Amino acid sequence: MADLKPDLLQHLDAVPAGLVDCAASDLHRVLAGPTLLHLKGKQNNTLFLSVMLHGNETTGLLAVQALLKKYQSRMLPRNLSIFFGNVEAAKYNQRRLDGQADFNRIWPGTEYTPCAETQMAQQIVDIMANHNLFASVDIHNNTGLNPHYACINRLDPSYQQLATLFARFVVYFTRPRGVQSMAFAQLCPAVTLECGRPDQSYGVKHAYDFIDSCLNLSELPTHPVHPQDIDLFHTVAQVKIRPGINFSFQQADAALQLDQELEKMNFFEVPAGTALGRVNDQGVLPVEAQDENGEDVSERYFELRDSELMFKRPTMPSMMTLDERVIKQDCLCYLMERLQG
Ligand SMILES: [Zn+2]
């Protein structure tokens, strides 16, 4: 590993002045960069939280701020460690800045080549592995119309129990690699929370209540979740726009004109033959779908018919968004299938 930048990670063991009240865009005034904060509690095991891995996803920060206020004058029920992620991108209300690694793809198991950010993530995992972990929670928002749901990367009962403490919609996935919850799943029950859009205050309340429950729960149940209490889905493909294809929701002359109602498909089982948009070039599928082994499964899920891009088989999309920047930086959507418990 040649020539890595000096450590990105800052360390704190007390809540710094100004943290509980500052706006996400001002976080950089309080924290010098990505920061790991350790707080002592009554029980000698540790809840690990990460927030703001994506700089425009503020719900986790707002929930943590409310929680830190609650426990300002009383002791935490158990130790709490919090990682505040992409402070720099938060300044500009961006998921990540151009030239920055995606902070939710850098964790051990990542497919990125080693860089300052992957080194930082490894460092955090190494540190937290020595903190007698109770559970790990990574808090996100998304841009489309999605219900609140939790993601897990292992199917063990305690992981499903932790997830259903947040929502009955639970998504199990093993790709993309390098996400926080996948790295921490090696150490303790771990979830990613998807709390809807950042501007929704009930998302903050929901995340806050969940974290507070995690702090106060004596232990996580280890028996299986009752099938009636969970809707468990498995991600079967990640869908991206094929590189070089120009797409748009507005311009009719784009190679792919996407349907403006796309996000209404999120978490609905849509039938084969459902159209996603119109194509101007009949030659090639304008999207590519990769399964969890990285295999191209585009032809399995999509087809072109009468100048329309459509689903070839029934599926359940998630994370469909109308935000073209997100589609370029991340993906168009994920496709899911129901997992029998
Ligand atoms: Zn995110």
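Modeller: Here it is. This is a predicted model. Let's start with E57: its relative accessible area is 7%, so E57 is buried, as the cut-off is under 20%.

Biologist: And H54, buried or exposed?

Modeller: H54 counts as buried, because its relative accessibility is 3%.

Biologist: Which protein atoms are the donors of the zinc ion?

Modeller: They are H54 (ND1), E57 (OE), E57 (OE) and H140 (ND1). They lie 2.0 to 2.5 Å from the zinc ion.

Biologist: How are those donor residues spaced in sequence?

Modeller: The spacing is H-x2-E-x82-H.

Biologist: What about the geometry of the zinc site?

Modeller: The site is irregular. Angles among the four donor atoms run from 55 to 143°.

Biologist: New topic. How many residues of strand β4 are buried?

Modeller: Nine of the nine, so strand β4 (residues 76-84) is largely enclosed by the rest of the structure.

Biologist: Which way do β2 and β4 run, parallel or antiparallel?

Modeller: Antiparallel, with five bridges joining strand β2 (residues 35-39) to β4. In that pairing, T35 stands opposite F84 of β4.

Biologist: And β3 with β4, parallel or antiparallel?

Modeller: Those two are parallel. Eight bridges join strand β3 (residues 41-51) to β4. F48 has S81 in β4 as its bridge partner. From β3 the chain crosses through helix α2 (residues 59-70) to β4, a right-handed β-α-β crossover.

Biologist: Let's do the nonpolar parts. How many residues does the largest nonpolar core have?

Modeller: It has 71 residues. W107 and I124 have the most contacts inside it. Helix α7 (residues 201-216) gives the most to this core, seven residues.

Biologist: What does I124 touch?

Modeller: Leaving out residues up to four places away in sequence, I124 touches L9, L36, F48, F83, W107 and F184.

Biologist: Last stop, helix α5. How many of its residues are buried?

Modeller: Six of the eight, so to speak of the whole helix (residues 157-164), α5 is mostly covered. The buried ones are S158, Y159, Q160, Q161, L162 and A163.

Biologist: What covers them?

Modeller: The cover includes strands β5 (133-140), β6 (149-152), β7 (169-172), β8 (190-194) and β9 (231-241). Helix α7 is also part of the cover.

Notes:
Residues numbered from 1 in each chain as written. Predicted model: local features only at pLDDT ≥ 70, side-chain atom pairs only at ≥ 80, totals over all residues. Heavy atoms only, no water. Core = buried A, V, L, I, M, F, W, Y, C linked by side-chain atoms within 4.5 Å. Buried < 20%, exposed > 50% of the residue type's maximum accessible area, 1.4 Å probe, protein only. Helix = DSSP H or I, 4+ residues; strand = E, 2+ residues; numbered from the N terminus. Contact = heavy atoms within 4.5 Å. Donors = N, O, S within 2.8 Å, 3.2 Å for Na, K, Ca; no water. Tetrahedral: all angles 85-135°; square planar, octahedral: opposite > 155°, others 65-115°. Pairing = 2+ DSSP bridges. Right-handed = clockwise from strand over helix to strand, strands pointing away.
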